[in-house]
Amino acid sequence: MRVLIVPTRWESEVVLGVLSDAVPDPAWDVPARRADDLLVVEPGMGPDLAAALLPRLEMLELQAVWLYGWCGGLTPDLGVGDLVVADATIFAGEDGLAARVSHPAPDSLLEEMRHLAQESGRRMVVGPVLTSDHVLSSVEQKRAGAASGAVAVEMEAGPLAQWATGRSLPFAHLRIVLDPLESALPATELPTDDHGYAQRGALLSHALSHPGEWPSLWRLFRQIRTARRVMTDVVGALVRPGGPLGPKM
């Protein structure tokens, strides 16, 4: 079995829109669906929720662990919708010091993503990705994150990469850029749950009570639309017959 971890509802909706035959797996206490030998799990956002999956993953006979979602760009060449393939994860270890886990991307993924990037006019970057325990929302925070040597930042890979590589399991990590380096996210946290979900009324109330953030909110929602379109194309390439996550030929 292969597991595809997609952190939030916004991201998993894209994946499940392509995997229309995936059926719910009631054995999980977080959203999980199966399509043949592929298990798609939505743990929520952040390293703690990702780490909470590990006892359950221990019980499975896994062939590979995949992580897919969007990220913040940490290099000036990355724009909205560009592709990032991680070959290492940088994160804070248990001793509080920076740790780095190497996990070179499989050739099948690199080949598929290079082809897709070329066809779509997107940039593809291969490099280390930083796992943060909080959202890097400001340009200053992102620049500080870039000092780690990472090309992008996300919030789930650290515990998953460490666990998978410690068991000699292939770990593939692919991200789509949502917010580039010079694009700040709204300063006030949006009223979403751990899975990135918010009622429309709550979002509207937030927007009305924070009029100074309307430009950044409008920019964010436009970026989300772009990132989701690219995510759909990427998932389609991954799960097609013969693709890196597709049915076995």
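The following exercises, with worked solutions, concern a predicted model.

**Exercise 1.** Determine which strands pair with β6, and in which sense each pair runs.

*Solution.* Begin with the strand itself: β6 covers residues 83-92, and eight of its 10 residues are buried. Next, take β8 (residues 124-131), which is parallel to β6 and joined to it by seven bridges. Within this pairing, Thr89 has Val129 of β8 as its bridge partner. Then turn to β10, which runs antiparallel to β6 and is joined to it by four bridges; here Leu83 is partnered by Ile176. Finally, β7 (residues 98-102) pairs with β6 in the antiparallel sense over five bridges, with Ala88 opposite Ser102.

**Exercise 2.** Describe the phi angle, location and exposure of Asp36 and of Ser168.

*Solution.* Asp36, however, has a positive phi near 60 degrees. Asp36 is located in the loop between β3 (32-35) and β4 (38-41). Its relative accessible area is 65%; the cut-off for exposed is over 50%, so Asp36 is exposed.

Ser168, which comes after α6, likewise has a positive phi near 60 degrees. Ser168 belongs to the loop between α6 and β10 (171-179). With a relative accessibility of 69%, Ser168 is therefore classed as exposed.

Definitions and conventions
Residues numbered from 1 in each chain as written. Predicted model: local features only at pLDDT ≥ 70, side-chain atom pairs only at ≥ 80, totals over all residues. Heavy atoms only, no water. Helix = DSSP H or I, 4+ residues; strand = E, 2+ residues; numbered from the N terminus. Buried < 20%, exposed > 50% of the residue type's maximum accessible area, 1.4 Å probe, protein only. Pairing = 2+ DSSP bridges.
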